[in-house]
Amino acid sequence: MTSISIRLDEEIGRINPNIYGHFVEHLGGVVYDGIWVGEDSEIPNIHGFRQELVEKLKAIQPGVIRWPGGCFAETYDWRDGIGPREQRPTTVNWWYMNDGKFESNQVGTHEFIEFCRLVNAEPYFAVNATTTTVLDARNWIEYCNMPQGTTTLAQEREKNGSPEPFNVKYWGLGNENWGGGGCMTPEDYCHIYRKYGIISKSVGPDLQYIACGPYEGIPEWTEKFFNKYQEMYTVGRIPPMFGYSLHYYVTNSGNMGSELDYTDAQWYEMIRIGLDMEPFIQSQYEMIRTAMPSSSIGLIVDEWGVWHLQNGKHPLPGKYLFEQPSTMREAVLAALSLNIFNNHCDKVVMANLAQLVNCIHSLFLAKGNTCVATTSYYVFDMYKIHQNAICLKTEVDCKNITYTIDGELHYIPSISCSASVKDGILAITLVNLAIDEDQEVKLDLYGGQCAREGTMVVLSSSSHKDGNTFEEPYKVTPVKHIVSPDVGSELTVTAPKASVVLLMLNILKIRIA
Ligand code: AHR
């Protein structure tokens with residue numbers, strides 16, 4: 001039997017709500033037909049935004065949303081997206097070569113800010129640090145944040161309908177600058193980061209800058225970038241860094257089959273790649289701390305998720321670039337990744353699932369009037385209780401799963417877990433990673449006791465290939481049960497095969513040794 005000790009006496013830190021963040025890029029069907037349907041649409045909308053999506057997204061407390069890209073940001077001129085909509089230019093979207101779509105610029109700065117306000121999220125803007133100038137970036141910040149009636153750009157914002165400043169706090173200086181964002185070396189990018197940051201400071205000393213870090217394939221970027229950064233830091237005049245961005249996709253570069261067609265071994269292989277997020281976070285954090293021992297730079301995993309690059313079946317065949325169905329496999333992957341972020345909340349300050357709707361690892365699939373919430377949506381719904389809670393250390397003793405792929409033997413754990421406490425409620429999230437076996441899990445609340453009645457929420461399905469589709473939009477939804485802890489500090493629950501489980505228990509006593 002699996003046993004987990006929840007250490008009520010050992011706190012890891014506070015779970016930043018921004019760990020439950022999202023990503024909206026002008027790519028495929030994310031913005032147009034996804035969040036935005038237009039004010040004149042017959043689809044119910046709030047000022048042009050798909051109403052059902054707005055309401056469902058708000059309900060899961062999205063924290064923060066990154067925009068406008070991704071790669072799209074690297075050819076984006078923010079001035080194309082302001083002013084009367086009918087006068088905005090049609091431009092070539094960064095992704096044009098992939099799907100032949102132009103950019104209408106109907107969703108720009110004002111619209112995106114309105115979307116964030118509708119769903120109660122903080123905006124996180126990614127600046128073009130590749131093809132426009134430092135002054136353009138500085139001017140965008142000025143346009144967004146200068147008080148009413150001050151500068152000409154603030155007046156222009158007012159003329160465009162928003163007298164009050166947007167107060168955008170999070171600014172990513174660039175995107176994937178080692179690749180589509182300009183093919184820079186870490187040292188070159190460090191100069192760019194410094195230049196953009198220093199110049200922009202004149203329009204907002206309290207901005208939270210985020211620097212471009214690596215994806216999992218180029219971990220050494222960090223060492224080189226921070227060697228340079230440290231050198232500049234010593235000389236002075238380097239902007240403070242709030243966060244350092246990491247991108248981590250679970251992709252078909254591993255042997256994980258396609259969306260709906262995979263073997264048991266490929267299920268486990270995908271989970272193994274997902275679990276590797278943890279050493280990636282740890283090693284990246286250590287590299288930063290080695291170069292900058294006393295800094296408080298946090299990690300921002302601002303693109304993550306399962307990306308089936310060799311597209312198989314799509315919910316709307318061929319309609320949107322990178323659109324993919326979501327099943328219990330994506331739900332399990334999302335849940336184990338969120339457990340990793342929770343358990344490293346002393347290092348990870350933000351994370352953004354890629355991407356919100358009709359795209360890579362989406363929470364929604366939208367077509368006409370229908371907006372389907374995927375299995376991963378329900379994971380975010382179950383996990384929202386962790387936001388702002390104190391994450392506790394957990395000690396997991398579970399059996400390992402052994403599988404062979406491409407002639408190589410691998411071991412992975414069969415359970416993923418995180419636990420937090422807030423307002424007297426202990427929340428434990430478990431993922432049973434075994435594809436074919438229910439697991440009895442004994443939970444021991446070390447250093448405390450809970451009430452004799454609690455709630456358990458389970459997301460599972462008879463087949464791990466099940467998901468929510470346009471034909472069956474509610475096939476997989478969470479189910480609630482009442483549970484009764486045995487002796488106040490012990491509880492045994494069954495986690496069905498390939499499932500995500502949330503337990504909520506009222507804490508009666510905490511005994512700190
Ligand atoms: O999310 C899709 C793309 O993946 C993003 O635009 C880019 O940053 C990454 O390579």
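Helices and strands are DSSP runs, numbered from the N terminus, with a helix spanning at least four residues and a strand at least two. With that naming in hand, the predicted model can be walked through from its overall layout down to single residues.

The domain assignment divides the protein into domain 1, covering residues 2-390, and domain 2, covering residues 391-510. Between the C-alpha centres of domain 1 and domain 2 there is a distance of 28 Å. The two parts also touch: 59 residues of domain 1 are in contact with 71 residues of domain 2.

In soluble globular proteins, nonpolar side chains tend to be buried together. Here the largest nonpolar core has 143 residues, and Phe 115 and Tyr 244 are those with the most contacts inside it. Helix α10, residues 328-343, supplies the largest share of this core, with ten residues. The core takes at least three residues from domain 1 and at least three from domain 2. Apart from it there is a second, separate core of 26 residues, including Leu 8, Val 441, Leu 445 and Leu 505.

Helix α10 also has a helical partner. It packs with helix α8, residues 264-275, at an angle of about 25°, and the two axes are 10 Å apart. Angles under 35 degrees count as roughly parallel, so α8 and α10 are roughly parallel to each other. The crossing in which α8 passes α10 is right-handed. On the α8 side, the residues that meet α10 are Gln 266, Trp 267, Met 270, Ile 271, Gly 274 and Leu 275. Their counterparts in α10 are Met 328, Arg 329, Glu 330, Val 332, Leu 333, Leu 336 and Ile 340.

Helix α3, residues 109-119, is mostly covered, with nine of its eleven residues buried. Among the buried residues are His 110, Glu 111, Phe 112, Ile 113 and Cys 116. Phe 115, already met as one of the residues with the most contacts inside the largest core, is buried in α3 too. Thr 109 belongs to this helix and counts as buried, at 0% relative accessibility. Leaving aside neighbours within four places in sequence, Thr 109 is in contact with Trp 67, Gly 81, Ile 82, Phe 125, Trp 140, Cys 144 and Phe 166. Just after α3 comes Asn 120, which takes a positive phi of about 65°.

Ala 126 is found in strand β8, residues 122-127, and is buried, with a relative accessible area of 1%. Ala 126 and Asn 343 are 217 residues apart in sequence, and their C-alpha atoms are 27 Å apart in space.

Most residues other than glycine have a negative phi, and most peptide bonds are trans. Against that background, the peptide bond from Trp 67 to Pro 68 is cis, with omega near 0°. Pro 68 is found in the loop between β5 (64-67) and β6 (91-92). Gly 69 and Gly 70 are likewise joined by a cis peptide bond, with omega about 20°, and Gly 70 is found in the loop between β5 and β6.

Asp 33, although not a glycine, has a positive phi of about 80°. This residue is found in the loop between β2 (21-23) and β3 (45-46) and is partly exposed, with a relative accessible area of 34%. Ala 498 has a positive phi near 45° and lies in the loop between β24 (490-495) and β25 (499-510). Ala 498 counts as buried, at 3% relative accessibility.

Finally, Ser 5 lies in strand β1, residues 2-14, and counts as buried at 13% relative accessibility. Not counting residues up to four places away in sequence, Ser 5 touches Lys 393, Thr 394, Glu 395, Asp 444 and Tyr 446. Ile 60 is 55 residues away from Ser 5 along the chain, and their C-alpha atoms are separated by 28 Å.

Methods:
Residues numbered from 1 in each chain as written. Predicted model: local features only at pLDDT ≥ 70, side-chain atom pairs only at ≥ 80, totals over all residues. Heavy atoms only, no water. Core = buried A, V, L, I, M, F, W, Y, C linked by side-chain atoms within 4.5 Å. Buried < 20%, exposed > 50% of the residue type's maximum accessible area, 1.4 Å probe, protein only. Domains from an automatic or database assignment. Axes fitted to C-alpha atoms, helices over the stretch in contact; angles between N-to-C directions. Parallel < 35°, antiparallel > 145°, perpendicular 65-115°, else oblique. Left-handed = near helix turned anticlockwise from the far one by under 90°. Contact = heavy atoms within 4.5 Å.
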